[in-house]
Amino acid sequence: MKDCTKGVLYTPDGREWPVRVENADDSLTLFLNDYGGYGTEYGTRVDFYDDAMGIIQTECEVRIHENHDHPEVPEKWIGSCVINNVVKITQRHLDVRVDVDIHTTFESSTLGKFEGTIKNLSAGGLLLLTDREIPENSVLGFSYAFRRLERPFMIRVMHCRKKAPEGSYYGCTFINLTERAEAAIRGYVFRKMRDDAHAEEDRKLAELRKRNEEERKERMAAQLAEAEKQQKAGAVRERQNASTGVSVGGVEKL
């Protein structure tokens, strides 16, 4: 948990609250910009996003109060967190990732609908390219048929990776994936890997054929040049012999 800097707090009423996480002296502190005031102390689920381990789903005891103790931080709410149980660790960075170019429509409650392009994909997340400015921790929805059936998907924007003339690149993680939806993504990824591998083999074979053809033409050109050279050399010798009165076969002319 030392590499954990952010996460999501799930209140028992079903709402999700993005949190910034600080880990010091084996204690976890949650900082929240917004909070709906469900309660001050309760047991609930907290997902931690750890750069080393991935997504850590936990059962925690949390105590929330307004931030009067740390005026140096911008968040208005603060919570102490005690982990009772680690439910699941999902090592998303180990998922196989492939480059794609999927243009589709995204939607959020704050940004509305906008167009974007998925540039790479794994069962853990995706890289989104769009000209829309998206705040970190925003939740976006989109629909796509990674298999035969079109399904809705939800992603959380983790960070803006880089800006480019065509827009900004956002690293996103899938949230609330069903088993079938995750299987559909994995199936798509492996099919894309297979197709890319076949395309690479075809490309290498085409390059090999092209190189062989170029080498064949070079050999033919060299042979033709050598034949022309020999022919010219023969013509020169014949002219020299004619001028000295000796035939090409070495017989003196009469």
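Trainee: How many salt bridges does the count come to?

Mentor: Please keep in mind from the start that this is a predicted model, and that the pairs are picked by distance, with a side-chain nitrogen of Lys or Arg lying within 4 Å of a carboxyl oxygen of Asp or Glu. By this rule the count comes to ten salt bridges, and I will go through three of them slowly.

Let us begin with Arg20 and Glu75, which form a salt bridge whose closest N and O atoms are 2.8 Å apart. This pair links distant parts of the chain, for Arg20 lies in strand S2 (residues 16–24) while Glu75 lies in the loop between strand S5 (54–66) and S6, 55 residues apart. The two partners also belong to separate classes of accessibility: Arg20 has a relative accessibility of 27% and therefore counts as partly exposed, whereas Glu75, with a relative accessible area of 9%, is buried, because under 20% is the cut-off for that word.

The salt bridge between Arg45 and Asp47 has its closest N and O atoms 2.7 Å apart. Here Arg45 is partly exposed, with a relative accessible area of 30%, and Asp47 is buried, with a relative accessible area of 4%.

An α-helix has 3.6 residues a turn, so residues three or four places apart point the same way. Glu213 counts as partly exposed at 31% relative accessibility, and Arg216 is likewise partly exposed, with a relative accessible area of 34%.

The buried residues of H1 are Ala181, Glu182, Ala184, Ile185, Gly187, Tyr188 and Val189. What covers these buried residues includes strands S7 (98–108), S8 (112–121), S10 (139–144), S11 (151–164) and S12 (167–175). Glu201, by comparison, is placed in helix H1 (residues 179–244) and counts as exposed, because its relative accessibility is 53%. The C-alpha atoms of Glu201 and Gly141 are separated by 36 Å, although the two residues are 60 residues apart along the chain.

Now step back to the whole chain, whose secondary structure comes to one helix and twelve strands. Read along the sequence, the pattern is β-β-β-β-β-β-β-β-β-β-β-β-α. Along its principal axes the C-alpha trace spans about 130 × 45 × 35 Å. A compact globule of 254 residues would have a radius of gyration near 18 Å, but this chain has 34 Å. Buried residues make up 34% of the 254 residues, and among contacts between residues at least 6 apart in sequence, 50% join residues at least 24 apart.

The chain exposes about 16000 Å², of which carbon and sulfur atoms supply 49%. On this surface, Ile83, Val86 and Ile89 make a nonpolar patch of about 220 Å². Ile89 lies in strand S6 (residues 77–90) and is partly exposed, with a relative accessible area of 40%.

Asn137, in the loop between strand S9 (125–130) and S10, has a phi near 75 degrees, a positive value in a residue other than glycine. Asn176 is found in the loop between S12 and H1, and its phi, near 55 degrees, is again a positive value in a residue other than glycine. Asn176 is exposed, with a relative accessible area of 53%.

Definitions and conventions. Residues numbered from 1 in each chain as written. Predicted model: local features only at pLDDT ≥ 70, side-chain atom pairs only at ≥ 80, totals over all residues. Heavy atoms only, no water. Patch = residues over 30% accessible without salt bridge, like charges linked within 9 Å, V, L, I, M, F, W, Y side chains within 5 Å. Areas by Shrake-Rupley, 256 points an atom, 1.4 Å probe, with all protein chains shown as cover. Helix = DSSP H or I, 4+ residues; strand = E, 2+ residues; numbered from the N terminus. Buried < 20%, exposed > 50% of the residue type's maximum accessible area, 1.4 Å probe, protein only. Contact = heavy atoms within 4.5 Å. Rg over C-alpha atoms; globule rule 2.2 N^0.38 Å.
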